[in-house]
Amino acid sequence: MPDEHEIKIKDVATRLRRGITRQLKASGVEILEEYDDAREFVEKQTRKMGELALELAKAPDKETRDRVRRQMDRVSAIIETELLSVANAAAPAAKSALKSALAGAGDVLKEVLPVILPAIL
Amino acid sequence: MRTLALGIVALVVLLATSGCTLLRSKGNLDKASVDRLSQNLEFIAPAYLDYAAAAGDDVAPADVKAARDVLVKMAKDLDAGDIADYREKVSKIFPKYLVYVRGDPLLSDSEKETEEDLVASTKRLIDSIEKRVED
């Protein structure tokens, strides 16, 4: 039975997914599906990002917020690093598909998080 | 469950896209990969050098800034012919950096795990760049 915190983390991921799904190409997802280790690794990082987003929202002071943001920057870097490794290893056609999937997604996260966090906290 | 997994992957893709443009090249190297590598080293190298200086290990204080500049510049200016040498240099840094991180009483377990993941993913990126050069 998941606890309340677990449910909120899943809720963050689900709401974010709904907000961005239209901007993604299925081909980009398929590429990651071919790389199980990378997929599991980035899923772990995404989950951590959800946890950090909740920590950031609850942070009692600036020092705590700064620490959480610092860690979020690193987790974001880790995700991008892993995806680039996958792109480097992928066949040329897959690279083009991944490029297409990434194009135009922009910084939707930054727009979505401030809207959804107050709604679920 | 698969929908959730795909959603998580989709989120991951989104998170990774802040200004990320794949397949631009620098010499034989993918520019986005080199830029990412440089930024990761900007996280790791200064912290490594601070740890080393604080511990009184090998790196003299006067050399700290120079070493930091070299580490970061190497990634920024990296070219295809440099990648093996670069990998050798950073592969010496990473294990010691992780020793420092694990022994840092000010870092939470979550922060330590993040640093370990950052190092692991950076190593994989270097490997993928090197493999691409070889191919």
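B:Tyr48, B:Tyr51, B:Tyr97 and B:Tyr100 form one aromatic cluster. The model is predicted, so local features need pLDDT of at least 70 and side-chain atom pairs count only at pLDDT 80 or more, while totals for chains, interfaces and linings use all residues. Residues are numbered from 1 along each chain as its sequence is written, chains are lettered from A and ligands numbered from 1 in the order in which they are written, and side-chain values use heavy atoms, with hydrogens and water left out.

**Aromatic pairs**

- Over all chains, a search of the whole structure finds 3 aromatic pairs; rings of Phe, Tyr and Trp (its six-membered ring) pair if their centres lie within 6.5 Å, and planes under 30 degrees apart count as stacked, over 60 as edge-to-face and the rest as tilted.
- One of the pairs joins B:Tyr48 and B:Tyr100, and this pair is tilted, with 6.0 Å centre to centre and 50 degrees between the planes.
- B:Tyr48 lies in helix H2 (residues 31-55) of chain B and B:Tyr100 in helix H4 (residues 83-102) of chain B, so the pair ties together parts that are 52 residues apart in sequence. Helices are DSSP runs of H or I with at least four residues, strands are runs of E with at least two, and both are numbered from the N terminus.
- Both B:Tyr48 and B:Tyr100 are buried; buried means under 20% relative accessible area, exposed means over 50%, and partly exposed lies in between (1.4 Å probe, protein chains only).
- The ring centres of B:Tyr51 and B:Tyr100 are 5.5 Å apart and the planes are at 25 degrees, so this pair is stacked.
- B:Tyr100 has a relative accessible area of 12%, which is why B:Tyr100 counts as buried.

**A charge over a ring**

- B:Arg124 of chain B lies over the face of A:Phe41 of chain A, at 4.6 Å from the ring centre. A charge sits over a ring if NZ of Lys or CZ of Arg is within 6 Å of the ring centre and within 35 degrees of the ring normal.

**Chain A overall**

- Chain A has 6 helices and 0 strands, and its pattern along the sequence is α-α-α-α-α-α.
- Chain A has 121 residues, of which 48% count as buried.
- Of the contacts in chain A between residues at least 6 apart in sequence, 78% join residues at least 24 apart; a contact means heavy atoms within 4.5 Å.
- The accessible surface of chain A is about 6,200 Å², and 52% of this belongs to carbon and sulfur atoms. Accessible areas come from the Shrake-Rupley method with a 1.4 Å probe, and for residues only the protein chains shown count as cover.

**Helix H4 of chain A**

- Helix H4 (residues 62-89) of chain A has 28 residues, which should span 40 Å at 1.5 Å a residue; the end C-alpha atoms are 41 Å apart, which agrees. The expected span is 1.5 Å times one less than the number of residues.
- At the start of H4(A), a side-chain oxygen of A:Asp61 reaches to within 3.3 Å of the backbone nitrogen of A:Glu63.
- A:Lys62 is found in helix H4 of chain A and is exposed, with a relative accessible area of 55%.
- The side chain of A:Lys62 makes a polar contact with the side chain of A:Asp66 at 2.7 Å. A polar contact is a pair of N or O atoms within 3.5 Å; within protein, one must be able to donate a hydrogen and the other to accept it, and residues adjacent in sequence count only if both atoms are side-chain atoms.

**Helix H3 of chain A**

- A:Val42 is found in helix H3 (residues 36-58) of chain A and counts as buried at 0% relative accessibility.
- A:Arg47 is also found in helix H3 of chain A and is partly exposed, with a relative accessible area of 32%.

**Chain B overall**

- Chain B has 5 helices and 2 strands, which run α-β-β-α-α-α-α from the N terminus on.
- Of the 135 residues of chain B, 47% count as buried.
- The accessible surface of chain B comes to about 6,500 Å², with 54% belonging to carbon and sulfur atoms.
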